[in-house]
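Subject: Structure handover

Hi,

Here is the structure I promised to pass on. Please open it next to this email and follow along.

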Amino acid sequence: MQRLDKYLSEAGAASRRELKDLLRAGAVTVNGAVVRDGAVKIDETADRVCLHGQTVEGLRRVVLLLYKPAGFVTSTDDPRDRTVMDLLPERWRKQRVAPVGRLDKATEGLLLLTNDGVLAHRLISPKYRIEKDYYAEHEGEAGQEDTEAFRAGLTLGDGTVCLPAELEPLGPGKSRVRVVEGKYHQVRRMLASRGMAVTYLRRDREGGLTLDGLASGEVRELTAAEVAALDRETGMQTAGE
């Protein structure tokens with residue numbers, strides 16, 4: 001159940017101030033009956049809400065998986081550059097999704113977007129230890145000392161303290177990195193601190209999700225089962241619920 005005015009506002013029908021006037025004017029109906037009190041509770045899954053006779057569709061919970069290409073900034077709006085929002089069909093932009101965390105402009109790979117702020121926070125927060133895997137190409141070659149330094153937790157040149165992470169050398173100029181946090185340019189800065197400047201970076205996994213054959217620039221909505229798995233990973237739902 002949800003307040004009628006909150007439902008209308010979140011659906012983008014009008015601002016809170018405008019809604020008061022619309023309600024007083026009798027422009028809003030619920031199941032065919034005029035309702036002038038915004039505090040009235042409605043069942044957003046069953047009640048039919050109309051504004052000026054047109055059905056209002058409320059926001060539904062949406063979680064998207066995007067293969068972010070290089071050259072796009074992770075933002076909902078930018079005055080100079082193309083953003084990841086430009087890659088989304090209009091039907092999903094209308095659901096007010098926003099990126100979960102950030103991939104810098106030059107970095108490719110898995111990026112989640114959602115209109116669920118609680119889920120987004122938990123996916124980002126180190127408290128919930130959601131693992132992110134990256135494939136990196138870089139100068140030099142990672143060795144045992146680098147692996148141990150990552151595992152101990154690096155302190156970067158500006159004093160930024162990184163949580164313990166996993167570094168898997170893949171041969172000259174290639175490595176995999178696993179982190180549970182997402183500080184500014186973190187993976188690039190961690191590798192650079194060990195003398196391995198990054199030339200290419202791609203995120204391949206977040207939690208239990210992978211790119212799984214998605215092409216660069218493509219996006220899909222997560223299935224109900226995938227969203228439920230994310231809920232369990234982030235503690236929003238227990239496995240038995």
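A residue counts as buried under 20% relative accessible area, as exposed over 50%, and as partly exposed in between. R178 has a relative accessible area of 33%, so R178 is partly exposed. Keep in mind that this is a predicted model.

Salt bridges

Let's start with charged pairs. Side chains of opposite charge can pair when their charged atoms come close. The count here is 19 salt bridges.

R178 belongs to one of them. Its partner is E131, and the closest N and O atoms are 3.8 Å apart. This pair links distant parts of the chain. E131 sits in the loop between α4 (117-124) and β10 (132-138), while R178 is in strand β12 (residues 174-179). The two are 47 residues apart. E131 is partly exposed, at 30% relative accessibility.

Next, find R188 and D104. Their side chains meet in a salt bridge of 3.0 Å, N to O. Again, the pair links distant parts of the chain, 84 residues apart. R188 is in helix α6 (residues 186-193), and D104 is in the loop between β8 (98-99) and β9 (108-114). Is R188 buried or exposed? With a relative accessible area of 18%, R188 is buried. D104 is buried as well, at 17%.

One further pair is R220 and E226, at 2.8 Å, N to O. R220 is partly exposed, at 24% relative accessibility.

Cysteines

How many disulfides does a search of the whole structure find? The search finds 0. C50 is buried at 4% relative accessibility. C162 is buried too, with a relative accessible area of 3%.

L51 is in strand β5 (residues 49-51). Its relative accessibility is 14%, so L51 counts as buried. Leaving out residues up to four places away in sequence, L51 touches A13, L22, A27, V28 and V56.

S75 lies in the loop between β7 (63-68) and α3 (90-93). S75 is buried, at 17% relative accessibility. Beyond its neighbours within four places in sequence, S75 is in contact with T83, V84, M85 and P99.

A229 lies in helix α7 (residues 224-233). A229 is partly exposed, at 26%. The C-alpha atoms of A229 and G208 are separated by 7.8 Å, with the residues 21 apart along the chain. For L51 and G208, the C-alpha separation is 41 Å, and they are 157 residues apart along the chain.

Best wishes

Key:
Residues numbered from 1 in each chain as written. Predicted model: local features only at pLDDT ≥ 70, side-chain atom pairs only at ≥ 80, totals over all residues. Heavy atoms only, no water. Helix = DSSP H or I, 4+ residues; strand = E, 2+ residues; numbered from the N terminus. Buried < 20%, exposed > 50% of the residue type's maximum accessible area, 1.4 Å probe, protein only. Contact = heavy atoms within 4.5 Å. Disulfide = S-S within 2.5 Å. Salt bridge = Lys/Arg side-chain N within 4 Å of Asp/Glu carboxyl O.
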